[in-house]
Amino acid sequence: MPDIKQLLLTMVIPLIEHEDEMTLNVVDGDHFLEYHLVLHPDDVGRVIGKGGRVANAIRTILYSVRVDGPKRVRLIIDNKEEI
């Protein structure tokens, strides 16, 4: 199985300023492998991008990775203050 977590970190870390406050949790559900990316409030806008373009580009790359079985990959970007 490809290392999706490492792929995601490789794309996100250059975009953010508060790397020490970033967490990435993987939730294995019935239909999805959910990657919950929790970021500092200042970094959320950088990862989402203008009009969501950066987040859509990251999701396009992640969703194109083939995983074993019928599960699909899902990326959820959260604000650290909201959690």
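Before we go on, a word on the model, friends. It is predicted, so local features need pLDDT of at least 70 and side-chain atom pairs count only at pLDDT 80 or more, while totals for chains, interfaces and linings use all residues. Residues are numbered from 1 along each chain as its sequence is written, and side-chain values use heavy atoms, with hydrogens and water left out.

Now the layout. The protein chain holds three helices and three strands, in the order α-β-β-α-α-β from the N terminus. These are DSSP runs numbered from the N terminus: helices are H or I with at least four residues, strands E with at least two.

Take the hairpin: β1 (residues 23-28) and β2 (residues 32-39) run antiparallel, joined by six bridges, with three residues between them. V27 has E34 in β2 as its bridge partner.

On to α2, residues 41-48. Its buried residues (under 20% relative accessible area, 1.4 Å probe, protein chains only) are D43, V44 and V47. Down the axis of α2 they fall within an arc of 115°, taken from the directions from the helix axis to the C-beta atoms, so they line one face. They pack against α1, β2, α3 and β3, where contact means heavy atoms within 4.5 Å. Just after α2, G49 takes a positive phi of about 80°.

Conventions. Two strands pair if DSSP finds at least two bridges between them. Buried means under 20% relative accessible area, exposed over 50%, partly exposed in between (1.4 Å probe, protein chains only).
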